[in-house]
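Open the model in your viewer and keep the selection panel at hand. The stops below go from one interface to another and end at a helix.

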There are 2 protein chains.
Amino acid sequence: MTIPPWKPIADAKRQATLDAIPPKWRITEPIPSPAEQRDVTGPYIQQYLSTREIEITELDAYAIAEKTTSGEWTAVEVTEAFCHRAALAHQFVSCLHEIFFDAAIEDAKKLDAYFAEHKKPLGPLHGLPVSLKDQFHVKDVETTMGYVGWIGTFQGIKADARRGVFESELVRELRALGAVLYCKTSVPATLMCGETVNNIITYTTNPKNRLLACGGSSGGEGALIALKGSPGGFGTDIGGSVRIPAVFNGLFGIRPSSGRIPYEGAANSMDGQNTILSVIGPLAGSARSLQLLFKAVLSQQPWLYDPLVLEVPWRSDIEQETRALVEQSAKDPSKLAFAIMKHDGIVLPHPPIARALDIVEQTLKRLGHKVIEWNPPSHATAVKLASAAYALDGGADVKYHFDLSGEGPAPQVIVGGNLPQKNAMEIAQINVAKREYQKLYMDYWNSTAELTGTGRPVDAVLCPAAAHAAVIPTQYVHVGYTSFLNLLDYTGVVFPVTNADKAVDVAQRETFLSELDERSYRGYHAEVYDGAPAGVQLFGRRLQEEKLLVLAEYVSAAVAGAGA
Amino acid sequence: MTIPPWKPIADAKRQATLDAIPPKWRITEPIPSPAEQRDVTGPYIQQYLSTREIEITELDAYAIAEKTTSGEWTAVEVTEAFCHRAALAHQFVSCLHEIFFDAAIEDAKKLDAYFAEHKKPLGPLHGLPVSLKDQFHVKDVETTMGYVGWIGTFQGIKADARRGVFESELVRELRALGAVLYCKTSVPATLMCGETVNNIITYTTNPKNRLLACGGSSGGEGALIALKGSPGGFGTDIGGSVRIPAVFNGLFGIRPSSGRIPYEGAANSMDGQNTILSVIGPLAGSARSLQLLFKAVLSQQPWLYDPLVLEVPWRSDIEQETRALVEQSAKDPSKLAFAIMKHDGIVLPHPPIARALDIVEQTLKRLGHKVIEWNPPSHATAVKLASAAYALDGGADVKYHFDLSGEGPAPQVIVGGNLPQKNAMEIAQINVAKREYQKLYMDYWNSTAELTGTGRPVDAVLCPAAAHAAVIPTQYVHVGYTSFLNLLDYTGVVFPVTNADKAVDVAQRETFLSELDERSYRGYHAEVYDGAPAGVQLFGRRLQEEKLLVLAEYVSAAVAGAGA
């Protein structure tokens, strides 16, 4: 068999990333196979770390920032601990595209010097390591986005003057906030995939259960943060690409509405497709950490630097109103009302996810909240329109980038190329159909005011984020549980609830909603899924980030408190 | 010559609109030709009105609403006065498509009954007549948008169940606010035109100078409000269609950023084209009236009913901050700084507009404000991209609607049909180029912080809204002075400054910026333009409506106070 010309280039790049790990942090003994050691988080990774490194890296981003912004911990010590842990994480699950620990430690030194001189932090993220999906440009660091053809170029163009020097707007803002950047995480080539597979790093597995996918497209983020090789990072989401890896890895993640976090100067797939815009959102180990990262970025007034960002600062009034509702509801739970959508009418969730939803529903009911049934406009329409939006160019953009090296798409990739391209009239029709669907959904949301007892429509809706707890590679048949929120441009937050448990999550169905439902069901294997994180999604309307972040904190804490 | 089949249908519709005028308000004597009587505003129209009717109709919307919301004037009396004056206006300049005075008076009676019962107004627009561009659907009233093929249909479809019963979201909100709806105003078929011409009403002339165009596409609004047949109304703007008729008719008009005023359920051209979105904005006789109408709509929380509206309420804090800046600047004018763009590098303004700009500049300087020169990124790029956006479908949409009746576009129409249609990749490239231009413009705006002395970038920029004071029919060669703000999605407000004066506005140029500039210059005839309103445009960044409405009030009052 002939070796394709792109393969040595991809192999060299993969090796270069491994070589960027300092020798002292390399694991020399063989790493056990996934079958021998599914879960490499927790005790498994801890064996390679000092007690102090464990102490540092196992706090959430919020708690770490408290220590680094107060001067209790130095940026250098925290950065070194995360660099070490990230290096280990990468050796277990192939979650990094780029490693720049030396630059990070230099930056951390400067932050420590700043603190020593000014007796105050540079910003709310002072000394906090933050990981980045490999779409963000960082000076002196490559961006491949998983394309072999991008190696040694700027977004595929060798002679581009921005190569090696340009930084994305979010990167500039994170630096201004005091964050320490140290690595970029793996993505599926094209970004249009619920797994993380490309010809450079090959495949990122799920660190909680390495038989499964880490999700995608911000898959490296999900895997790295689950291994606590990062306290929090930024991904992007056009159909679920923040929420899928977050929920697959037992994390929190938010898909904000478009226009809040600056995308300016980041690489992307199908740039200029504006029927459904990709958005940036953070992933982290706690709701309060998401809030810290989200709010910090808004404090930089990104609307002055990114023309697509709206002049909508962090709305403390909405945050406070929501916190007040939560507090009042301790005495009078009728102040807050939720809805639950147990399935979307297309694919039923696997047993672990159905159980996770049930745990949340029972928790809310035990707290005394009304939980109404969600009967929205057809989600099949949403799936159809979102699929159409992703395929407007018939895959021409991703084909162009694959063709740079001669490689091709992995079978899991949603938009593979060579489909017919839509024209202006057809695109306009899709845009109108999208708006009409948004209007129907909005009217339905409003109509729930008559059912909640609060005088308002539901405050948030619970639903699956995917049919499965992570997923067996190549078995992700339905992204409709995340993509409908992209079509609606609604706010969606995922959070962990429980883990798949082969003893209780037993499949026993004989009827199916659809052919897709049957395929999804046939892909459930209790033994393989055992141990995978099972989380859910809480969603609100467009631009409801402040409210949803508070509600996700409340609901997830209640669920955790109930001993889920 | 054969009469085309659409002509009798168009003629009958035109006659039906005239027939809707009560006999008592019909003018039976011949109306003088434009050459005999250019200006039909002021004393000319007053001769047909009672003193009381003049008293009512010559207040601005703000002052009328004070009287109708306090119960000082009844809704019925005010409505009847405006119905009468609108009937006269239509007979002078053909500015109405639809007349529904009887329904208006019935609605006014209900409002008066409401006030009598509750001792308070229904809302902030209680009893205020408001005119609507013929894109808004009102029950029992037709919407033709100037297409003969839409007569007797709903947007071209005869069997559509919404025909005669459906109302646009803005209409619902205006009713909830207490406004009285009584007429719909003329538009050019396609809406893509800076004049108002269609085969139904034929042509709407400028009431201040009937040798000239009233502007477009919200041309009927401009003409009607200039004749004080309406105190204020709503138009739409995709390339200048609110601002052009406002400024051509000596009025105030605002093009807000997209996402503030609900477009939901209104008819449109090229619906679903989302590279440059058409937006709705009010036109009125004063800045404070624009503010009343704009703020009133936002009080209805349109983001709960229109998926494209942003959850951005009227921001009183920004209004108050700007008012404070204005007040402080009376003592310390260095608190506010402006820029001026005397021309866009493509077409120089005609003498009346150059003089109007000069008046405003001198006024600001006399007040002590810094007025810097505006040297933005190339406006030629903006013109090219906006033109591309308008022609994405190659005119297929407007051709479809013309073909319903067999009529064709007027020569003035910008998008006439039969151009090649763009595909998804080409559209994506235009969207990217647009965003890159927006980013350049944004960075340029930020850079002025170093020049203003306020510590901030310029507060607003002055420029022409068109090269001419109104325009000689078919001579509108360059809409770049308005369309660049649509491309940028910036906030633009126009206001009146002076009138063209053949004695002072003498053309004497021999060099030209471009072939277009020469054509525009050759179209200037001091004698013909004499008397036409000459206004200018003040613009701010995206979503700066609160700030710009306050600044337009301040600057226009200063100009008026200086006796321009």
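Start with the interface of chain B and chain A, where two salt bridges are found; a salt bridge is a side-chain nitrogen of Lys or Arg within 4 Å of a carboxyl oxygen of Asp or Glu. Select D271(A) and R435(B): their side chains form a salt bridge, 2.8 Å from N to O.

Before going on, note that this is a predicted model, in which local features need pLDDT of at least 70 and side-chain atom pairs count only at pLDDT 80 or more, while totals for chains, interfaces and linings use all residues. Residues are numbered from 1 along each chain as its sequence is written, chains are lettered from A and ligands numbered from 1 in the order in which they are written, and side-chain values use heavy atoms, with hydrogens and water left out.

Stay at this interface and show polar contacts (a pair of N or O atoms within 3.5 Å; within protein, one must be able to donate a hydrogen and the other to accept it, and residues adjacent in sequence count only if both atoms are side-chain atoms). Between chain B and chain A there are 21 residue pairs in polar contact, both residues at pLDDT 80 or more. Now colour α14 (396-403) and α15 (424-447) of chain B, the elements that give two or more residues to the side touching chain A. α15(B) gives the most, with 11 residues. Helices here are DSSP runs of H or I with at least four residues, and strands are runs of E with at least two, numbered from the N terminus.

Next, select the whole contact (heavy atoms within 4.5 Å): 40 residues come from chain B and 40 residues from chain A. The two chains bury about 3,400 Å² between them, 53% of it on carbon and sulfur atoms. Buried area is the accessible area (1.4 Å probe) that two parts lose on being put together, summed over both. P307(B), E311(B) and R435(B) supply 17% of the area that chain B buries against chain A, more than any other three residues.

Zoom in on E546(A) and R260(A), whose side chains meet in a salt bridge (2.9 Å, N to O).

Finish at α20 (residues 545-561) of chain B, a helix of 17 residues.

Key
The expected span of a helix is 1.5 Å times one less than its number of residues.
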